[in-house]
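The report then moves to the core, the strand pairing and some backbone details.

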Amino acid sequence: MERTDLSANRFRHASPAFLGCRTPTPPRLAFSRHIWYQTASHSPYVVPMTTRPETIAIAADHAGFPLKEILKQDLEAAGFRVLDLGTADATTSVDYPDFGAALARKISTGEVKRGVLVCGTGIGISIAANREPAVRCALVHDAITAKLARDHNDANVIALGARVIGVETARDALTAFLNTPFAGGERHDRRVAKLSPKVTS
Ligand code: RB5
């Protein structure tokens, strides 16, 4: 796989809040699914090392809209493309199942591999997304639940509750979601396979 030179990466000055990593760490490579990441010594960011940036889908209802906008900016600043599936403002009341389902369809068709959902609690939108068999959406509350959702459950979507957690906690959770590979191994593979027996991707 071709990798870009991180020192020439135009995203290396991305917003420090994104990674949630408080102390700079030495350069390190980690493989998560089909994406290589490098933690740069001069920056707390983990930047995708692919020639074409990965697209992350994001969607929210009116309650999640302000947090969605913040996370979208963070993702773009870190070098991801963002497929924003709405909603478009915080004042027009909308139905969270519509947005959970819209993002789930993008996962199901393979258009995107990973997604982020936000509603007031994260509950309704995660239920909606999980009706799609290809989706393993984890309602996460912080970095540790986001990390374990990847580590143990191979979650491909996270849901966040904008009325439940603060912005920095949401950022930490998103960072952990993006940077944690699935642990795999016989035990976790077997359990994850039981979540969606007919889904092979
Ligand atoms: C909207 O008021 C609220 O019900 C929704 O954002 C979410 O919390 C549902 O689970």
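Predicted model: local features only at pLDDT ≥ 70, side-chain atom pairs only at ≥ 80, totals over all residues.

Residues are numbered from 1 along each chain as its sequence is written.

The protein chain has 6 helices and 8 strands; these are DSSP runs, helices being H or I with at least four residues and strands E with at least two, numbered from the N terminus. Their order along the sequence is β-β-β-β-α-β-α-β-α-β-α-β-α-α. Strand S4 (residues 55-60) pairs with strand S5 (residues 81-84) in the parallel sense over 4 bridges, pairing being assigned if DSSP finds at least two bridges between two strands. Between S4 and S5 the chain passes through helix H1 (residues 65-77), in a right-handed β-α-β crossover. Right-handed is used if, with the strands pointing away from the viewer, the path from the first strand over the helix to the second runs clockwise.

Of the 201 residues of the protein chain, 40% count as buried. A residue is buried if 20 or more other C-beta atoms lie within 10 Å of its own, exposed if 12 or fewer, and partly exposed in between, with C-beta atoms placed from the backbone.

| Residue | Other C-beta atoms within 10 Å | Class |
|---|---|---|
| Alanine 101 | 19 | partly exposed |
| Aspartate 154 | 20 | buried |

Alanine 101 belongs to helix H2 (residues 96-108). Aspartate 154 sits in the loop between helix H4 (143-151) and strand S8 (157-161), and has a positive phi of about 50 degrees although it is not a glycine.

The largest nonpolar core has 46 residues, and Leu103 is among those with the most contacts inside it. Such a core is a set of buried Ala, Val, Leu, Ile, Met, Phe, Trp, Tyr and Cys residues joined through C-beta atoms within 7 Å.

A cis peptide bond, with omega about 5 degrees, joins glycine 86 and threonine 87. Threonine 87 is placed in the loop between S5 and H2.
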